[in-house]
Amino acid sequence: MTEVVGIDIGGSGIKGARVDVTSGRLITDRFRVKTPQPSLPEAVADVFAQVVDQAGLTPVVGCTFPAIVQHGIVRSAANVDHSWIGTDGAALFRKRIERPVVLLNDADAAGLAEMRFGAGREESGVVLLLTFGTGIGSALFIDGTLVPNTELGHLFMSDGAVAEDEAAARLREENELTWDEWIARVQVYLDHIDRLFSPDLVIFG
């Protein structure tokens with residue numbers, strides 16, 4: 001199997017496309033639908049099925065989710081409805097499309113892609129991927145092995161603030177920050193990360 005449908009569920013949008021897993025490249029254009037509000041599990045599953053149908057069914061569907069995901073079960077809900085907590089998301093989606101569904105944390109998925117196809121390829125030691133968007137996502141690798149669900153955007157800073165409430169990319173527009181002002185906030189966060197993990201390589205997404 002070289003093709004799968006890849007779905008990314010976010011707080012504002014649900015995106016999907018067919019992906020060549022041997023190259024990591026999209027085969028079709030990305031299709032996007034707004035995330036339903038409130039983002040209840042059944043409502044999100046409806047849109048998930050719609051996006052999969054648009055992309056075209058494959059034997060397996062891979063789906064990323066903005067939360068801690070353990071064995072297909074959602075364990076947190078920072079940017080989706082709290083009713084997701086404890087939901088077996090993989091089973092819910094699998095039932096909707098009658099196909100196997102692999103569900104994992106969105107930043108972990110981005111990190112796995114970078115380690116296989118991108119800037120982390122053939123890198124050893126401690127590698128950290130950070131994604132800056134609505135929040136801050138993280139994927140931590142030790143000699144190529146993923147430490148899942150690190151959620152380092154929720155770290156408390158030395159002043160007691162939550163990291164992603166200080167340095168997420170959305171704050172640049174919300175607070176009308178200049179690029180220099182936002183980067184200064186990111187640098188404070190990176191200094192904190194460096195003290196805690198001493199990464200050999202940091203990848204930005």
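Reader: In which helix is aspartate 191 found?

Author: The model discussed here is predicted. Within this model, the element that holds aspartate 191 is helix 6.

Reader: Is aspartate 191 buried, partly exposed or exposed?

Author: The relative accessibility of aspartate 191 is 37%. Buried requires a value under 20% and exposed a value over 50%. Because 37% falls in between, aspartate 191 counts as partly exposed.

Reader: What separation do the C-alpha atoms of aspartate 191 and valine 127 have?

Author: Along the chain, aspartate 191 and valine 127 are 64 residues apart.

Reader: Is histidine 192 buried or exposed, and which residues does it touch?

Author: Histidine 192 has its place in helix 6, which spans residues 179-197. Its relative accessibility is 12%, so histidine 192 counts as buried. Not counting residues up to four places away in sequence, histidine 192 touches Leu155, Phe156 and Met157.

Reader: Which element gives the largest share of the largest nonpolar core?

Author: The largest nonpolar core has 27 residues, and those with the most contacts inside it are Ile7, Phe48, Phe65 and Phe93. Two or more residues each come from strand 1 (3-9), helix 1 (41-55), strand 5 (61-65), helix 2 (89-97) and strand 8 (101-105). The largest share, seven residues, comes from helix 1.

Reader: With which residues is isoleucine 7 in contact, leaving aside its neighbours within four places in sequence?

Author: Isoleucine 7 is one of the residues with the most contacts inside the largest nonpolar core. Once those sequence neighbours are left aside, its contacts are Ile14, Lys15, Gly16, Phe48, Val51, Val52, Val61, Gly62, Cys63 and Thr64.

Reader: How many salt bridges are counted?

Author: Side chains of opposite charge can pair when their charged atoms come close. The criterion is a side-chain nitrogen of Lys or Arg within 4 Å of a carboxyl oxygen of Asp or Glu. By this rule, the count of salt bridges is six.

Reader: Which parts does the salt bridge between glutamate 3 and arginine 18 tie together?

Author: In this salt bridge, the closest N and O atoms of glutamate 3 and arginine 18 are 2.9 Å apart. At 29% relative accessibility glutamate 3 counts as partly exposed, whereas arginine 18, at 19%, counts as buried. Glutamate 3 lies in strand 1 and arginine 18 in strand 2 (residues 13-20), so the pair ties together parts that are 15 residues apart in sequence.

Reader: What N to O distance do arginine 96 and aspartate 46 have, and which residues are linked in a network of salt bridges?

Author: The side chains of arginine 96 and aspartate 46 meet in a salt bridge at 2.2 Å, N to O. This pair links distant parts of the chain, since arginine 96 is in helix 2 and aspartate 46 in helix 1, 50 residues apart. Arginine 96 is partly exposed at 31%, and aspartate 46 is partly exposed at 46%. The network of salt bridges links Glu42, Asp46 and Arg96.

Reader: How far apart are the closest N and O atoms of aspartate 165 and arginine 170?

Author: Aspartate 165 is partly exposed, with a relative accessible area of 42%. Arginine 170 counts as partly exposed at 27%. In the salt bridge that they form, the closest N and O atoms are apart by 3.5 Å.

How values were computed: Residues are numbered from 1 along each chain as its sequence is written. This is a predicted model: local features need pLDDT of at least 70, side-chain atom pairs count only at pLDDT 80 or more; totals for chains, interfaces and linings use all residues. Side-chain values use heavy atoms; hydrogens and water are left out. Helices (H or I, at least four residues) and strands (E, at least two) are DSSP runs, numbered from the N terminus. Buried means under 20% relative accessible area, exposed over 50%, partly exposed in between (1.4 Å probe, protein chains only). Contact means heavy atoms within 4.5 Å. A nonpolar core is a set of buried Ala, Val, Leu, Ile, Met, Phe, Trp, Tyr and Cys residues joined through side-chain atoms within 4.5 Å.
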